[in-house]
Amino acid sequence: MRWVKQAVGYWCNDIKNKKWMGKGICIAVLDTGMSRHPDLEGRAAGFKDFVGNSLKYNDDSGHGTHVAGILAGSGKASNGLYAGMAPEASLLVGKVLDREGNGDVENVLKGIRWILSEKERYDVRIVNISVGTQPDLAAYQKRLFLDAVEELWDSGLAVVVSAGNYGPGEGTVAVPGSSRKVITVGVPDTELTPVQRRRKNVNYSGRGPTGECVVKPDVFAPGTGIISCNGRYGRPGEHPYTMKTGTSMATPVVSGAIACLLSKYPDMTNVEVKLRLRESCVKIPGTESGWGMLNVERLLKA
């Protein structure tokens with residue numbers, strides 16, 4: 001995560017002095033769960049498994065643990081090198097996806113209803129959803145998902161979702177990233193040389209406009225080759241960290257930045273957070289379809 005923080009201007013004086021690192025802010029996460037990991041000790045406020053109904057913390061995929069590390073990992077296993085964006089934030093984790101990263105809409109809706117029922121108890125301020133629907137999902141199911149996510153937003157929560165990895169063509173942003181209300185996160189396009197074009201495409205981030213002509217993604221953040229917590233750590237031969245790529249990784253970078261912002265300005269509303277994000281983004285090549293690139297130093301300035 002170190003280079004990510006540098007890339008988005010994370011090392012402003014307030015952060016270096018450890019003033020605004022998400023303390024007192026709870027982030028709800030809907031994903032594949034969370035494994036026990038040294039970097040995540042003391043970070044979990046609560047956990048619920050909507051897939052296997054396990055009472056124990058678990059993540060049979062590793063995706064959710066990776067996301068959790070980007071959000072709030074302490075970097076303990078790396079002497080702070082791979083700390084997350086808001087290492088003093090707490091996490092309310094709902095497992096709504098299986099080991100393949102797949103899930104049905106009903107489990108996600110259960111997770112959303114759970115967050116709504118528990119948000120006062122845990123003082124949830126942010127919801128991170130690094131989940132996007134398949135393009136061929138039935139329209140009525142997409143509508144159910146959108147309505148539920150917008151209910152989270154209307155309840156006052158800052159909802160941050162991924163743009164999906166079906167881009168970069170027009171109209172490829174995944175549901176619920178197509179919602180005009182929530183904050184949708186994409187990964188900047190990268191200029192490819194003729195030789196590089198024969199390799200794996202790095203321009204994968206979903207793009208708008210949506211069916212309602214809404215420009216998306218809203219904000220861009222690093223998401224390619226992100227190092228964070230390995231959900232399999234503790235098993236023989238497993239390293240504490242692993243690398244993953246996708247808008248799923250960029251989304252917690254933005255959610256973590258918002259946790260830092262709210263630890264500095266706890267009275268901000270979700271609408272004010274969205275406006276502050278828009279005002280502080282920096283236009284760089286590859287971000288023309290949204291507000292620009294996340295810059296946390298500008299975001300936290302008074």
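## Sheet and strand pairing

Within strand β5, V160 is the bridge partner of N128. The model is a predicted one, in which local features need pLDDT of at least 70 and side-chain atom pairs count only at pLDDT 80 or more, while totals for chains, interfaces and linings use all residues. Residues are numbered from 1 along each chain as its sequence is written, and side-chain values use heavy atoms, with hydrogens and water left out.

Strand β4 (residues 124–129) runs parallel to β5 and is joined to β5 by four bridges. Strands are DSSP runs of E with at least two residues, and helices are runs of H or I with at least four, numbered from the N terminus; two strands pair if DSSP finds at least two bridges between them. The open sheet comprises seven strands with parallel pairing, in the order β2-β3-β1-β4-β5-β6-β7. Its edge strands, β2 (44–49) and β7 (219–220), each pair on one side only. Helix α6 packs on the sheet through β1 (26–31), β4, β5, β6 and β7, and its direction makes about 170 degrees with that of β4. Such angles run from 0 to 180 degrees between N-to-C directions, with axes fitted to C-alpha atoms, for helices over the stretch in contact.

## Nonpolar core

The largest nonpolar core has 74 residues, of which L91, I126, I129, V159, V254, I258 and L294 touch the most other members. A core is a set of buried Ala, Val, Leu, Ile, Met, Phe, Trp, Tyr and Cys residues joined through side-chain atoms within 4.5 Å; buried means under 20% relative accessible area, exposed over 50%, and partly exposed in between (1.4 Å probe, protein chains only). Helix α6 (residues 247–264) gives the most to this core, with 10 residues.

## Helix α7

In helix α7 (residues 270–280), the buried residues are N270, V273, K274, R276, L277 and S280. They lie on the same side of α7 because they cover an arc of only 160 degrees around the axis, taken from the directions from the helix axis to the C-beta atoms. The face turned away from this buried side carries the exposed residues R278 and E279. Cover for the buried residues includes α5 (139–154), β5 (158–162), β6 (183–186), α6 and α8 (296–300), where contact means heavy atoms within 4.5 Å.
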